Amino acid sequence: MRAALLQLTSGDDPVANLAVVRRMVAEAAAQGATLICTPEVTNCVSASRDRQKAVLSREEDDPTLAALRAEAARLGVTLAIGSLAVKTPDADGRFANRSFLLGPDGAILARYDKIHMFDVTVSATETYRESAGYRPGDRAVVARTDGVGLGLSVCYDLRFAGLYRALAQAGAEVLLVPSAFSPVTGAAHWEVLLRARAIETGCFVLAAAQSGTHPAQAGTARKTWGHSLAVDPWGTVLADAGTAPGITMVDLDLDLVARSRARVPSLSHDRPYERP
Ligand SMILES: O=C(O)CNC(=O)[C@H](CS)NC(=O)CCC(=O)C(=O)O
């Protein structure tokens, strides 16, 4: 299976972001990708709630989702949209941070709402409070496309190893970790956590990331770590996109899933034990 990771520097204008993504999706398909992955909040990176309210839509009216469904069908590719920020009917006005898996006919094969909210102070000057703007999901999702089990997750979910164990034990062979990681935690934790998830589960890990300084018409500009990464089930890094926006192609030999799990079968060696 040939996959593509799209590394983006999405700003707070969904129309401009979509134009970039469409160009990259067409280019990745031309290079033979059958699975194309985009980062978290592909449609809008913004620190301003007012800006998000002004430019974002509900899922059923979202122009990015409609356009990318049409692109998936036109090109005959599977599109894993890392996430879109979409409005919800909730009275508190919070958004959903929602992943979409689009089939080669443009159908929505699966959706997943990010479960773990990044409410974290990463340095003396940098605090994130994701749950103020987004409502968390409560359902883990494995979807199948082209006979391959895909486990869905988003960004901060990466720190919750039990989620990935559950995805792998439910049939995932490829774990998707679309992200907008902070530069501080990215430098310290990103690669080692992604490699650990691959090794623990015997899965490929595909992590398409936001990268760089994100242009903002409202609020302050955000910075993200980049380094979109592909890891094989033995923990080997197959590709690291560095920090520039662009397309990273990677060929996955899916037989490696069974071969790695045969060498170290820890995924099937869980034992019951008393909590400490
Ligand atoms: O804000 C949005 O619009 C979309 N959400 C995000 O970008 C989220 C919350 S701020 N970012 C992360 O989860 C980074 C996790 C991270 O950096 C870590 O785990 O260290």
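**Notebook: strands, helices and a ligand shell**

I began with one pair of residues in the predicted model: valine 205 stands opposite valine 231 in strand E14. I then looked up the strands around this pair. Strand E11 (residues 204-207) and strand E14 (residues 229-231) run antiparallel and are joined by three bridges. I recalled the general rule that strands of a sheet pair through backbone hydrogen bonds, either parallel or antiparallel.

**Entry 1: the sheet with E11 and E14**

I asked in which order the strands of this open sheet are arranged. The six strands follow the order E8-E9-E10-E11-E14-E15, and their pairing is mixed. I noted that strand E8 (142-145) and strand E15 (237-240) each have a single partner strand, so one side of each has no neighbour in the sheet. On average, neighbouring strands here are turned by 20 degrees against each other, direction ignored.

I next looked for a helix on this sheet. Helix H5 (residues 161-169) packs on the sheet and touches E8, strand E9 (148-151) and strand E10 (174-176). The direction of H5 makes about 160 degrees with that of E9.

**Entry 2: H5 and H6**

Two packed helices are described by the angle between their axes and the distance between the axes. H5 and helix H6 (residues 183-201) pack at an angle of about 40 degrees, with axes 10 Å apart. This angle makes H5 oblique to H6. I recorded the crossing of H5 and H6 as right-handed.

Which residues of H5 and H6 meet? I found Ala161, Tyr164, Arg165 and Ala168 in H5 against Arg197, Glu200 and Thr201 in H6. I sorted the residues of this contact into three nonpolar, one polar and three charged.

**Entry 3: the other sheet**

I then examined an open sheet of six strands with the order E5-E4-E3-E2-E1-E16 and mixed pairing. Its edge strands are E5 and strand E16 (246-251), each pairing on one side only. Neighbouring strands of this sheet are turned by 25 degrees against each other on average, direction ignored.

I checked two pairings in this sheet. Strand E3 (residues 78-87) runs antiparallel to E4, with seven bridges between them. Valine 86 has alanine 96 in E4 as its bridge partner. Strand E4 (residues 95-102) also pairs with strand E5 (residues 108-113), in the antiparallel sense and over five bridges. Here the bridge partner of phenylalanine 100 is arginine 111 in E5. E4 and E5 form a hairpin with five residues between them. In the turn, glycine 106 has a positive phi of about 90 degrees.

**Entry 4: H1 and H3**

I noted that H3 lies across E3 and E4, running at about 170 degrees to E3. Helix H1 (residues 14-30) and helix H3 (residues 63-75) pack with their axes 11 Å apart, at an angle of about 15 degrees. H1 and H3 are therefore roughly parallel to each other. Their crossing is right-handed.

I listed the residues that make the contact: Pro14, Leu18, Arg22, Val25, Ala26 and Ala29 of H1, with Thr64, Ala67, Glu71 and Leu75 of H3. These residues divide into seven nonpolar, one polar and two charged.

**Entry 5: the ligand**

Lastly, I asked which residues around the ligand come nearest. Of the 14 residues around the ligand, they are Phe118, Cys155, Tyr156, Ala180 and Thr185. I counted eight nonpolar, three polar and three charged residues in the shell.

Key
Residues numbered from 1 in each chain as written. Predicted model: local features only at pLDDT ≥ 70, side-chain atom pairs only at ≥ 80, totals over all residues. Near = placed C-beta within 6 Å. Nonpolar A, V, L, I, M, F, W, Y, C, P; charged D, E, K, R; others polar. Pairing = 2+ DSSP bridges. Helix = DSSP H or I, 4+ residues; strand = E, 2+ residues; numbered from the N terminus. Axes fitted to C-alpha atoms, helices over the stretch in contact; angles between N-to-C directions. Contact = placed C-beta atoms within 7 Å. Parallel < 35°, antiparallel > 145°, perpendicular 65-115°, else oblique. Left-handed = near helix turned anticlockwise from the far one by under 90°.
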